[in-house]
Amino acid sequence: MEHAIYLVTLVGTALVVAAAFSSLIAFRFGAPLLLLFLCIGLASGVDGLGIEFDNARVAYFAGSLALAVILFDSGFGTPLNALRQAAGPALSLATFGVILTTGLFGAAAYYLLDLSWLESFLLGAAVASTDAAAVFFLLRAGEINLRERVRATLEVESGTNDPIAIFLTITLVEIIAAHANPEAHVLVTDLILGFLLNMGLGAVVGVLGGLGIVRLVDRLNLDHGLLPIFVLTLSLMVFAAAGAIGGSGFLAVYLAGLIAGNSDIRAVTILKRFQDGMSWLAQIIMFLILGLFATPSQFPAIMVPAVLLGLFLMFVARPVAVWLCLIPFRLPRPEIAFVSWVGLRGAVSILLAITPLLGGLENGRTIFNVAFIIVLVSLVVQGWSVGPLARRLGLIVPARLGPLDKVELELPGSAHHELLAYRVAPGSPVARGERIPRWARPSLVLRDGRSMRFQDMGRLAAGDQVYIFVPDRYPRLLDKLFASRAVVDPEDADFFGAFAVDPARSAAELEAAYTPGLSEAEQKLTVGALVTARLGGHAEYADRVLIGPIELIVRDVDDKGKITGLGLSFEPTAPVARVPVFLSAGEIGDRVFAFIRNWRKPTETQTAEATANEKALEPTAEKITTEG
């Protein structure tokens with residue numbers, strides 16, 4: 001018995017270490033990290049090194065706990081401004097998008113696999129949600145600086161679509177296991193009522209749990225070493241409590257993290273670091289267990305239809321669902337195209353595919369194997385194409401800041417304050433003599449191994465180590481002051497236009513100078529308000545608006561989202577690929593109004609010409625009448 005404990009511990013830790021080392025390869029070559037973890041699990045399984053693991057309940061239990069940890073960390077790290085910015089599109093994708101993907105994919109699965117309609121929709125529900133960990137690792141590993149709206153939409157969607165997919169999957173498994181064959185309207189009614197109850201209870205428990213976590217952390221004077229473990233345990237309690245009363249534990253734990261992360265919770269820096277590490281460990285464990293559970297020798301029998309279904313999901317089901325869900329929102333076509341492509345399937349899809357095995361379904365193993373192959377196809381085809389596609393669609397923007405050397409320290413007894421340590425970078429604003437705000441004066445400066453007060457230092461120089469004691473919600477201004485200038489790629493040298501335009505100037509001056517075809521209402525706006533309106537009411541750094549012969553580019557916005565800098569170009573300066581599909585409601589409306597205007601113009605022109613001809617003929621007619 002003792003020998004078995006050592007052996008299991010040795011093998012388990014060896015797999016985790018191998019997965020950790022594989023992350024270095026992924027960062028180096030931009031490979032999908034999830035794919036490497038799954039491959040390590042497959043290589044170690046029954047068809048590889050011979051480790052036998054065929055316990056579906058243990059795999060599902062471990063995977064569910066790991067997913068709860070990941071979702072809490074995802075919610076904790078999602079700022080409210082990102083949620084407000086992308087709430088509409090992301091929640092539409094997380095609800096209607098999952099349902100549409102399930103329906104479209106299920107119809108295709110019915111004709112390609114030997115499954116019933118309910119089993120086909122069950123498979124569709126299992127692969128309907130996206131994997132946030134894989135997407136954002138690829139963006140981070142490839143140093144892809146995406147536009148904020150796109151990044152926020154993908155982040156919020158991936159954090160909120162798992163509960164819906166889990167509900168649909170478990171409900172369909174229960175119906176099939178009970179050998180029920182309900183009528184369509186009864187099934188839809190039961191699904192809607194069950195969904196509202198499941199999500200409603202999960203939301204209530206999540207909100208109350210998040211508020212409770214914040215209150216307990218602030219009230220209890222726990223040691224800093226114990227505090228992260230305490231918060232993690234409370235988050236799992238929220239997850240379990242919601243599930244125990246029939247709610248969605250995954251939605252509850254995500255909302256609890258969202259509330260806790262956006263409150264003035266104590267020791268937020270320590271909590272973020274701990275949860276980041278726990279999230280990595282949870283991902284590694286979940287992916288390795290799911291890889292071990294799979295049996296690759298069973299894949300060849302269903303390889304062809306599974307690959308075809310994976311391609312159908314990528315090229316048909318996901319794009320159609322995304323386009324239909326995003327029609328009401330005025331998003332540019334390149335952004336819609338990118339969101340539709342970056343819908344990587346991952347551990348959640350494999351985890352949900354285990355539920356048919358738990359329910360004892362006859363075709364449970366087939367559903368699991370097909371879902372596993374679809375995940376592999378998604379990671380192989382989409383995983384390596386995220387970066388190139390973002391560049392192709394013109395969604396990459398130059399970095400705002402250059403290198404920044406900063407350390408955040410949480411001090412005992414410093415409620416809602418933290419100590420920031422900056423190293424003054426060469427070429428940074430403070431190194432060039434920029435003044436530091438009075439509220440952020442350094443408490444200590446280290447130079448050449450000597451420490452002294454800021455008042456005695458004179459002008460800060462490159463290489464100085466500066467310590468500043470500030471509230472934990474300090475403005476981004478400090479990062480801008482201490483960062484070096486961002487290195488602009490030669491291809492991005494003209495990214496922000498030929499010259500600057502004052503956002504406070506009247507749009508009528510723009511019409512007078514360049515005649516872009518503004519309406520009378522638009523001419524009454526300022527240039528900044530015009531750009532904001534054309535962008536659907538929210539502008540962000542590097543947004544672009546093409547108006548007639550000119551293009552306006554947002555150079556900077558303040559903390560409230562107001563445009564403070566604009567650039568103007570006489571031709572599109574970013575190599576944006578033309579996307580022939582994914583028209584938004586705004587674009588459809590613009591095209592309809594343009595068609596109506598163009599259709600009416602010839603009629604109005606003909607009427608005007610006829611009137612002019614009549615007036616020109618009047619003197620001749622009078623003359624003829626007089627002579628007669």
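Is Cys39 buried, exposed or partly exposed?

View 1. Cys39 counts as partly exposed because its relative accessibility is 38%, where buried means under 20% relative accessible area, exposed over 50% and partly exposed in between (1.4 Å probe, protein chains only). Cys325, with a relative accessible area of 4%, is buried. A disulfide is a covalent bond between the sulfur atoms of two cysteines. When a disulfide is taken as a pair of cysteine sulfur atoms within 2.5 Å, the count is 0. The model is predicted: local features need pLDDT of at least 70, side-chain atom pairs count only at pLDDT 80 or more, and totals for chains, interfaces and linings use all residues. Residues are numbered from 1 along each chain as its sequence is written, and side-chain values use heavy atoms, with hydrogens and water left out.

**View 2. An open sheet of 4 strands.** The strands follow the order β6-β9-β8-β7 with antiparallel pairing. Strands (E, at least two residues) and helices (H or I, at least four) are DSSP runs, numbered from the N terminus, and two strands pair if DSSP finds at least two bridges between them. At the edges lie β6 (499-501) and β7 (544-547), each pairing on one side only.

**View 3. The pairing of β8 with β9.** Strands β8 (residues 550-557) and β9 (residues 563-569) run antiparallel and are joined by 6 bridges. Asp556 stands opposite Gly565 in β9.

**View 4. Helix α19 on the sheet.** Helix α19 (residues 507-514) packs on the sheet and touches β6, β8 and β9, contact meaning heavy atoms within 4.5 Å.

Methods
Axes fitted to C-alpha atoms, helices over the stretch in contact; angles between N-to-C directions.
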